[in-house]
Amino acid sequence: MVPSPLQPRAPAASRGSGLPGVLGSSPPAPAPTPPGFSQLLLAPPPLLLLLLLLLLLNTPTAPCPFQCYCFGSQETIHCRHIVLQELPRDLPTAAHNLTIVGSNLTVLRAAAFAGEELPTAPGNGSGGGGGWAVRLANLTSLLLNQDNIQVVENGAFWGLPRLATLDLSYNPLSALGAAAFHLLPSLSVLKLNAATSGLGEQLDAALRGLATLRRLELKANELTHLPPSVLELAQLEQLDAQDNALTGLALVELRALGGEIQGTPTAPTARGPRALRLCLANNPLRCDCGARALLTLLNKALWRVPDARSLRCAAPPALQGSPILVLDESKLSCALGPQEKEENEKGQGRGKEEEGETGNEEEGTEGRDEKGQPGTGEELEASYVFFGIVLALIGVVFLMVLYLNRRGIKRWTRNLREACRDQMEGYHYRYEQDADPRRSGTASSSGTL
């Protein structure tokens, strides 16, 4: 067996030693590239920007405040019936609607909803030119009901540039800063129901200058008159003053409603600058001569008082409970002084003597009207007219019933006539039988037998 020839060996530099790190070894193979990575690197710039945007949107947001509920990506926050001594400091910056009900906040200090204090920032009057950072820039609705808020300091709502609706109803306010609602450029709805009793002057000062306000609610605040600053709000469209202590409206207030007012020697007839809607239900309105202007306004522009049909008189006693809309403007009179009462009684006495001399019943009726029964003759006349109208309606209904049942009535009369005719024929037949002499002879002969 012939051995195979030996193969020549390759040089050391070319064959390598097979051990890592030994001189002359072959370089390691490159790491494999992940699939798709090269296409991502070669992707157009818009795709990279989209990916970066998605990464930014997926960043974690601030958690919901403790014991509160967040809805709609933390845009709506509800903190109901939680014993909070101060406002939550961990509110999400993306909040649009914030509701806190049933807490014990007591005091709303300056910049209560703002961020950290910035000494070098242009502030809102903090003294040294400092201010606060805007923390809730997107908040549009803030409801703080039944939170036992007693003090609202100046600038309490600073840092809420988009706030449109503010509700502080049912809080026992004892102090309200004159600039409490200032620096709210978007405020359009303010609700202070059952919150400002006894704060007439403070309320007037706080409402002054709210140029963007369109709706104001002041229910159940024991107001005896409307705050003068409210009448100066050019953009105000609706004022709710129900359940207060208003006995009427002054001429200035009626001018603010946009109604034409009966002029006086010192103040001519004028028309208000705008059309303001006013709700006055459940107020002790006095129906005297001072209510004539209000009644004129209601008759001409009923839409300006949406609850006009529910307005009732609280005084005088003769008109208590009467709807204001049914009153006659000429019958509204004011109370007379002692001297005027004496002159009125003398005039009534003279009128009574003239009635006794003439014996005219109509004049007597007029005398009784002046004595204390206003409008008795007219009321009787109106009652007679109403009674006649009722009778006419009853007659029309009766005729309509007869017309609708004419066929049945005709059938009934025909049946009645036939029954009467049959009855009469029976009577006539019996009469003829009794008068027949043959039947009478037969009866007598049968009797003799």
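Which side chain makes a polar contact with the side chain of E217? Hold that thought for a moment. First, a word on what you are looking at. This is a predicted model.

Now the answer. The partner is R215, and the polar contact spans 2.6 Å. E217 sits in strand β12, which covers residues 215–217. Is E217 buried or exposed? Its relative accessible area is 6%. Buried means under 20%. So E217 is buried.

What else does E217 touch? Leave out residues up to four places away in sequence. Then the list reads L190, K191, L192, N193 and D240.

Let's step back to the sheet. Strand β12 is one of nine strands in an open sheet. Here is the order: β1-β2-β3-β7-β9-β11-β12-β13-β14. The pairing is mixed. Look for the edges next. They are β1, residues 69–71, and β14, residues 277–279. Each edge strand pairs on one side only. From one strand to the next, the twist averages 5 degrees.

How do β13 and β14 pair? They run in the parallel sense, over three bridges. Strand β13 takes in residues 238–240.

Next stop, D307. You will find D307 in a loop. The loop lies between α6, residues 292–300, and β16, residues 313–315.

What does D307 touch? Again, leave out residues up to four places away in sequence. The contacts are Q242, L278, C279, L280 and A281. Take L280 to begin with. Its backbone nitrogen lies 3.0 Å from a polar atom of the D307 side chain. Then take Q242. In sequence, D307 and Q242 are 65 residues apart. In space, C-alpha to C-alpha, they are 9.5 Å apart.

One last region. UniProt, in an unreviewed entry, lists residues 384–404 as "transmembrane region". What does the model show for residues 384–404? The span is 100% helix and 0% strand. The C-alpha atoms at its ends lie 30 Å apart.

To recap: E217 is buried in the model, and R215 is its side-chain polar partner.

Definitions and conventions. Residues numbered from 1 in each chain as written. Predicted model: local features only at pLDDT ≥ 70, side-chain atom pairs only at ≥ 80, totals over all residues. Heavy atoms only, no water. UniProt positions renumbered as here; feature names shortened; annotations may be inferred. Helix = DSSP H or I, 4+ residues; strand = E, 2+ residues; numbered from the N terminus. Pairing = 2+ DSSP bridges. Axes fitted to C-alpha atoms, helices over the stretch in contact; angles between N-to-C directions. Buried < 20%, exposed > 50% of the residue type's maximum accessible area, 1.4 Å probe, protein only. Polar contact = N/O pair within 3.5 Å; in protein donor to acceptor, adjacent residues only side chain to side chain. Contact = heavy atoms within 4.5 Å.
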